[in-house]
Amino acid sequence: MRGSMGEITVESMSQNYLDVLKELGNIGAGNATTALATMLQTKVDMSVPQVRLLKFPEVGAILGGEEQIVAGVYLAISGDITGSIMFLVKEEVAVHLINKLMGSETARDLQGELERSALKEVSNIIVGAYLNALSGMTNLRITPSIPDLCIDMAGAILSVPAIEFGELGDEMLLIQTQFYDEMTIDGFFIMVPDMDSYQKILSSLGLLG
């Protein structure tokens, strides 16, 4: 990433900032686990989230390859910081979550309006948990937009944050969390604040001189 002296790039982020993001992942995932358990009325466990800085093709590989069908929920964020966030799950995981929420095994895919609405609701809860964690850590006001659901191959869906992250570098910040009920639920959380917002986040955390 090219940039003048003093500019922040994803690649130049300090280890301290990545440690903060790991803590955000822990708090956000903990909040999401509690919210999911309440929403699904079942016991939900989680593993320690992984926070990684990855190049675009590496993110696709983690999702099962760029041709893997995934459900992506995209939200714009506004308030004290601006940008966007995306929550991704594989198609079979999304169907499982929908069936748990609806208390049946009727969903087979994500084509129906009812299934899509249910998935947006679950994703909204999970994304909200992470945003609440970030807001609590930074004391910044963060407001999400209405979620936009897209079901497509991973490569196509990831092209959206890849373009936005292009302004910051050629790597994405990915928080991966595993939730457990009857099956392992891999959730992938990509946050794309704009450049000014990165500065605000770092300043609020005392990581800028």
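**Exercise 1.** Let's start with one residue of this predicted model: is Phe189 buried or exposed?

*Solution.* Phe189 has a relative accessibility of 2%. Buried means under 20% relative accessible area, so Phe189 counts as buried.

**Exercise 2.** Find which ring pairs with Phe189, and decide whether the pair is stacked or edge-to-face.

*Solution.*
- Step 1: A pair of aromatic rings is described by the distance of the centres and the angle of the planes.
- Step 2: The partner is Tyr130, and the two ring centres lie 4.3 Å apart.
- Step 3: The planes meet at 20°. Planes under 30 degrees apart count as stacked, so the rings of Tyr130 and Phe189 are stacked.
- Step 4: Now place the pair in the chain: Tyr130 sits in helix 4 and Phe189 in strand 8, 59 residues apart.
- Step 5: Tyr130 is buried too, at 3% relative accessible area.

**Exercise 3.** Work out how helix 3 is oriented relative to helix 4.

*Solution.*
- Step 1: The axes of helix 3 (residues 91-102) and helix 4 (residues 113-138) come within 9 Å, crossing at roughly 90°.
- Step 2: Angles of 65 to 115 degrees count as roughly perpendicular, so helix 3 is roughly perpendicular to helix 4.
- Step 3: Look at who meets whom: the contact includes Leu97 and Ile98 from helix 3, and Leu114 and Glu115 from helix 4.
- Step 4: Sorted by class, this contact has nine nonpolar, no polar and two charged residues.

**Exercise 4.** In which sense do strand 3 and strand 4 pair?

*Solution.*
- Step 1: A hairpin of three residues connects strand 3 to strand 4.
- Step 2: The two strands pair in the antiparallel sense, over eight bridges. One example is Ala71, whose bridge partner in strand 4 is Val89.
- Step 3: Six of the eight residues of strand 4 are buried, so strand 4 is largely enclosed by the rest of the structure.

Methods
Residues are numbered from 1 along each chain as its sequence is written. This is a predicted model: local features need pLDDT of at least 70, side-chain atom pairs count only at pLDDT 80 or more; totals for chains, interfaces and linings use all residues. Side-chain values use heavy atoms; hydrogens and water are left out. Axes are lines fitted to C-alpha atoms, for helices over the stretch in contact, and angles run from 0 to 180 degrees between N-to-C directions. Helices (H or I, at least four residues) and strands (E, at least two) are DSSP runs, numbered from the N terminus. Angles under 35 degrees count as roughly parallel, over 145 as roughly antiparallel, 65 to 115 as roughly perpendicular and the rest as oblique. Contact means heavy atoms within 4.5 Å. Ala, Val, Leu, Ile, Met, Phe, Trp, Tyr, Cys and Pro count as nonpolar, Asp, Glu, Lys and Arg as charged, and the others, Gly among them, as polar. Rings of Phe, Tyr and Trp (its six-membered ring) pair if their centres lie within 6.5 Å; planes under 30 degrees apart count as stacked, over 60 as edge-to-face and the rest as tilted. Buried means under 20% relative accessible area, exposed over 50%, partly exposed in between (1.4 Å probe, protein chains only). Two strands pair if DSSP finds at least two bridges between them.
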